[in-house]
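Visitor: I am new to this structure and would like to understand the terms used to describe it. Please show it to me.

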Amino acid sequence: MAYGFYGWDHGDVCPITDEYEGIGSPCQLYDALWDIWCEYTCAPRLRGQWNEDNRTVGQCSITAFLAQDIFGGKVYGILRPGGNYHCYNVVGNCVFDLTSQQFGDEILNYDHNPEQFREVHFARDEKRQRYLYLKEELGKRFGKNRLSISRIMKKMILGSQGNTHDINHLLKVHSYARLIGECENLEARELRTLEIAAVLHDIACPLCREKYGNTNGKRQEEEGMPLVREFFAGMGLEQDILERVVFLVGHHHTLTDIQGMDYQILIEADYLVNADESQYSEENIRDMLARVFRTETGRELLKGIYLNQERNYHGQK
């Protein structure tokens, strides 16, 4: 995948801290910051230029010093008209500038520029506050102290009250979802959302069995959405992820108008497990392959597991 910022392809830079999960390169940090950069984190003098199509404008110094926290190295500055410095990072022989896109086609000179120091930049309290906000939001979304998948899974398993079928089903769906998501190169936050939805997708099954005597898919969707909100009450899950998981749980049996890779992969992962558990016919599987499966990985798995001509149906030699 190509990125638009300067230095994205200049070599590997490894983090010097394990504070953040899923951020092992400048490109992954760029992905993480994409939804955090906002008008508030923009320099006040440039806020009139900030918009969702130009997210990196006015973000350079606070971004460069945050990148320094994660990858080490030094921060340098390119003198701009008006006397301000545009900040970028140098780690070993690698030069990268996460916010260079704000300059469009302008070619910047990254040679022989003066080093920049946070003590000088953060003497302006408004800039220090913007940096702290950026770092805090990154920690909420990717920090080691955030709500972990393992903690969510443990709570879901214990809440299953020993129903080994439900437990094994969620473990298998989660495993397939993570496998497909990683092979399809989902960015870290979307993969996290997908994994959480995979763990909780059948949260309404026990209620539906008791209330309706079955686990009808549409009933699961209807009953599942409020149960997801109840499940996460007081746990501190990021609000945007919570809302997306509620949506995914409320649509995981809806095979039309699938929008988003997390939605697509959840459908595929659930079907890969159900095809075995419910002993779906070869005709059913071929129909799903033609109509619904869209990811390269999901299609390979479905064909390799269930449509392998060297085996009889459902894996019997």
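Guide: Two residues are in contact when heavy atoms of theirs lie within 4.5 Å. In this predicted model, residues 24 or more positions apart account for 63% of the contacts with a separation of 6 or more.

Visitor: What does the secondary structure of the chain come to?

Guide: The chain has 13 helices and four strands. Its C-alpha atoms fill a box of roughly 70 × 45 × 35 Å along the principal axes. Of the 317 residues, 48% count as buried.

Visitor: Why is Glu230 called exposed?

Guide: The word exposed applies over 50% relative accessible area. Glu230 has a relative accessible area of 58%, so Glu230 is exposed. This residue lies in helix H9, residues 217-232. From Thr215, Glu230 is 15 residues away in sequence and 20 Å away in space, C-alpha to C-alpha.

Visitor: What makes H7 mostly covered?

Guide: A residue is buried under 20% relative accessible area, and eleven of the 13 residues of H7 are buried. Among them are Arg189, Leu191, Glu195 and Leu200. The buried residues of H7 pack against helices H4, H5, H6, H9, H10 and H11.

Visitor: What caps the N-terminal end of H7?

Guide: Glu187 caps that end, with a side-chain oxygen 3.0 Å from the backbone nitrogen of Arg189. The cut-off for a polar contact is 3.5 Å, and the distance of 3.0 Å is within that cut-off.

Visitor: Why are helices H1 and H4 called roughly perpendicular?

Guide: Two packed helices are described by the angle between their axes and the distance between the axes. H1, residues 26-34, and H4 pack at an angle of about 100 degrees, with their axes 10 Å apart. Angles of 65 to 115 degrees count as roughly perpendicular, and therefore H1 and H4 are roughly perpendicular to each other.

Visitor: Which residues make the contact between H1 and H4?

Guide: H1 contributes Leu29, Ala32 and Leu33, while H4 contributes Leu134, Leu138 and Phe142.

Technical notes. Residues numbered from 1 in each chain as written. Predicted model: local features only at pLDDT ≥ 70, side-chain atom pairs only at ≥ 80, totals over all residues. Heavy atoms only, no water. Helix = DSSP H or I, 4+ residues; strand = E, 2+ residues; numbered from the N terminus. Buried < 20%, exposed > 50% of the residue type's maximum accessible area, 1.4 Å probe, protein only. Polar contact = N/O pair within 3.5 Å; in protein donor to acceptor, adjacent residues only side chain to side chain. Axes fitted to C-alpha atoms, helices over the stretch in contact; angles between N-to-C directions. Parallel < 35°, antiparallel > 145°, perpendicular 65-115°, else oblique.
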